[in-house]
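Please read the points alongside the sequence and the 3D view.

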Amino acid sequence: GLCCDKGCDGQCEACDVTGSEGTCTPVTGAPHGTLRAACDTLDATDCAKSTCDGATRDKCGGFANGTTTPCGKASCTSDGRRQVAGSCDGHGSCAMPAPQACDGYYVCDPSSATCRTICAADADCQTSFRCDTGSSKCVPGATCSADRSQSTDKTGATVDCAPYLCGTDGTCMKACATSDDCVGGTSCDPATKACVGVAQDTTTSSGGCALGEGRARSGGFAGASAIVALSLVARLARRRRRAA
């Protein structure tokens with residue numbers, strides 16, 4: 001019902017845009033009129049569904065669904081983590097968040113795509129944990145040796161934990177908070193949270209063990225005291241000779 005300033009047959013342009021009636025103008029959203037082809041036949045919530053972007057005239061150059069449009073579905077990964085649904089990224093793809101491990105040592109239930117809260121068998125628990133059938137709860141399946149130097153898993157296999165000690169969950173620690181988490185002869189490096197060997201000072205001044213800073217100072221004081229004492233002895237000797 002409008003006269004146009006020029007031929008206007010691009011898929012994403014029209015002469016009936018509000019405010020620009022009679023002027024061939026790029027459109028936003030679905031193509032105008034009944035003679036222009038739809039952008040595509042994808043479902044309305046498909047992340048790849050295209051639309052007119054208000055700039056490109058000859059084709060649908062944009063995507064209809066942005067980050068507020070959900071996509072994908074919740075599921076369980078093969079290692080028992082829970083994958084929640086994602087949202088469109090506005091560029092034609094579905095952005096799925098990283099899968100997360102379930103709390104309490106449980107695994108994801110494939111029948112509901114939710115994390116289990118009780119267990120009936122060891123398979124309902126994360127690796128290295130077992131199902132306590134009495135309480136229906138997942139508990140650590142590994143145990144520590146008395147000196148915490150070794151960990152024994154639920155299959156009976158034992159491993160040495162050095163340079164770390166065995167943790168409260170029965171498995172070897174992978175990082176340290178203090179040197180109490182490290183085996184003897186190592187200490188915790190606060191920068192890397194790793195147990196490292198203690199550096200040995202091999203520098204000596206008299207063929208014996210090297211002294212620390214405090215002991216070195218003490219030795220210096222003792223030497224000075226000896227000099228003073230010798231000086232006093234010499235003075236007394238001179239006085240005796242004069243008296244004689």
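1. Disulfides. The model is predicted, and a search of the whole structure finds 14 disulfides in it. A disulfide is a covalent bond between the sulfur atoms of two cysteines.

2. Cys 8 and Cys 24. Their sulfur atoms lie 2.0 Å apart and form a disulfide. The pair links distant parts of the chain, 16 residues apart. Cys 8 sits in the segment before strand 1 (13-14), and Cys 24 in the loop between strand 1 and strand 2 (25-26). The torsion about the S-S bond is about 75°, so this disulfide is right-handed. Both cysteines, Cys 8 and Cys 24, are buried.

3. Cys 119 and Cys 131. Here the sulfur atoms are 2.1 Å apart. The angle about the S-S bond is 90°, and the link is right-handed. Cys 119 is buried at 6% relative accessible area. Cys 131 is buried too, at 8%.

4. Cys 161 and Cys 172. This disulfide has its sulfur atoms 2.0 Å apart. With -75° about the S-S bond, the link is left-handed. Both cysteines are in the loop between strand 17 (158-160) and strand 18 (186-189), 11 residues apart. Cys 161 counts as buried because its relative accessibility is 3%. Cys 172 counts as buried at 15%.

5. Cys 3. Cys 3 is exposed, with 72% relative accessibility.

6. The aromatic pair. The structure holds one aromatic pair. Tyr 105 and Phe 129 are stacked, 4.0 Å centre to centre with 10° between the planes. The partners are 24 residues apart: Tyr 105 is in the loop between strand 10 (94-95) and strand 11 (108-109), and Phe 129 is in strand 13 (residues 129-132). Tyr 105 is partly exposed at 34% relative accessibility. Phe 129 is buried at 9%.

7. An open sheet has the order 3-4-5, with antiparallel pairing. Strands 3 and 5 stand at its edges, each with a single partner strand, so one side of each is left without a neighbour in the sheet. Strand 3 (residues 28-29) pairs with strand 4 (residues 50-53) over two bridges. Gly 29 stands opposite Cys 52. Strand 4 also pairs with strand 5 (residues 62-63) over two bridges. There, Ser 50 stands opposite Phe 63.

8. Gly 72. This glycine is in the loop between strand 6 (70-71) and strand 7 (75-76). Gly 72 is exposed, at 55% relative accessibility. Beyond four places in sequence, Gly 72 touches Ala 85, Cys 94 and Met 96. Gly 72 and Ala 95 are 23 residues apart in sequence and 8.5 Å apart, C-alpha to C-alpha.

9. Overall picture and confidence. The protein has one helix and 19 strands. Of its 244 residues, 24% count as buried. The average pLDDT is 86, and 81% of the residues score at least 70. Residues 210-224 stay under 50, and the model has four contacts for them beyond four places in sequence. Where pLDDT is low, the predicted coordinates should not be read in detail.

Notes
Residues are numbered from 1 along each chain as its sequence is written. This is a predicted model: local features need pLDDT of at least 70, side-chain atom pairs count only at pLDDT 80 or more; totals for chains, interfaces and linings use all residues. Side-chain values use heavy atoms; hydrogens and water are left out. Rings of Phe, Tyr and Trp (its six-membered ring) pair if their centres lie within 6.5 Å; planes under 30 degrees apart count as stacked, over 60 as edge-to-face and the rest as tilted. Helices (H or I, at least four residues) and strands (E, at least two) are DSSP runs, numbered from the N terminus. Buried means under 20% relative accessible area, exposed over 50%, partly exposed in between (1.4 Å probe, protein chains only). pLDDT is the predictor's confidence in each residue, from 0 to 100. Contact means heavy atoms within 4.5 Å. Two strands pair if DSSP finds at least two bridges between them. A disulfide is a pair of cysteine sulfur atoms within 2.5 Å.
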